[in-house]
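Please look at how two parts of one chain can be held against each other. The text below goes from single residues to the contact as a whole.

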Amino acid sequence: MPSPEFMAKINRINALAHKKKKEGLTSSEQAEQKELYKWYLGNIRASLSAQLDNIEVVDELPKDKQS
């Protein structure tokens with residue numbers, strides 16, 4: 001389960017996205033949104049990288065089926 005800090009940032013991302021659609025954002029809110037997106041994408045990249053690092057080939061193709 002995600003930490004309360006993580007969920008607070010996700011909730012803030014969503015709140016800013018909704019506000020942007022309804023009424024627009026101030027320049028400080030735009031800067032905050034940009035930083036939150038940067039943080040979020042960093043988390044996604046780190047998670048994907050960790051998953052890829054843990055992939056292990058358990059079965060290799062027979063030599064006659066390799067190309």
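This is a predicted model: local features need pLDDT of at least 70, side-chain atom pairs count only at pLDDT 80 or more; totals for chains, interfaces and linings use all residues.

K19 takes part in a salt bridge with E29, and the closest N and O atoms of the two are 2.7 Å apart. K19 belongs to helix 1 and E29 to helix 2, so the bridge links distant parts of the chain, 10 residues apart. Is E29 buried or exposed? Its relative accessibility is 14%, and because buried means under 20%, E29 counts as buried.

The search of the whole structure finds 2 salt bridges. R12 and E32 form one of them, with their closest N and O atoms 2.9 Å apart. R12 lies in helix 1, which covers residues 4-22, and E32 lies in helix 2, which covers residues 27-53, so this pair ties together parts that are 20 residues apart in sequence. R12 is partly exposed, at a relative accessible area of 33%, and E32 is also partly exposed, at 31%.

Now consider the two helices themselves. The axes of helix 1 and helix 2 come within 10 Å and cross at roughly 135°. The two helices are therefore oblique to each other. The crossing of helix 1 past helix 2 is left-handed.

Which residues of helix 1 and helix 2 meet? Helix 1 brings residues including F6, I10, I13 and L16, while those from helix 2 include L36, Y37, W39 and Y40. Sorted by class, this contact has 9 nonpolar, 2 polar and 6 charged residues. R12 and K19 of helix 1, as well as E29 and E32 of helix 2, are among the residues that meet.

Methods
Residues are numbered from 1 along each chain as its sequence is written. Side-chain values use heavy atoms; hydrogens and water are left out. A salt bridge is a side-chain nitrogen of Lys or Arg within 4 Å of a carboxyl oxygen of Asp or Glu. Helices (H or I, at least four residues) and strands (E, at least two) are DSSP runs, numbered from the N terminus. Buried means under 20% relative accessible area, exposed over 50%, partly exposed in between (1.4 Å probe, protein chains only). Axes are lines fitted to C-alpha atoms, for helices over the stretch in contact, and angles run from 0 to 180 degrees between N-to-C directions. Angles under 35 degrees count as roughly parallel, over 145 as roughly antiparallel, 65 to 115 as roughly perpendicular and the rest as oblique. A crossing is left-handed if the near helix is turned anticlockwise from the far one by less than a right angle, and right-handed if clockwise. Contact means heavy atoms within 4.5 Å. Ala, Val, Leu, Ile, Met, Phe, Trp, Tyr, Cys and Pro count as nonpolar, Asp, Glu, Lys and Arg as charged, and the others, Gly among them, as polar.
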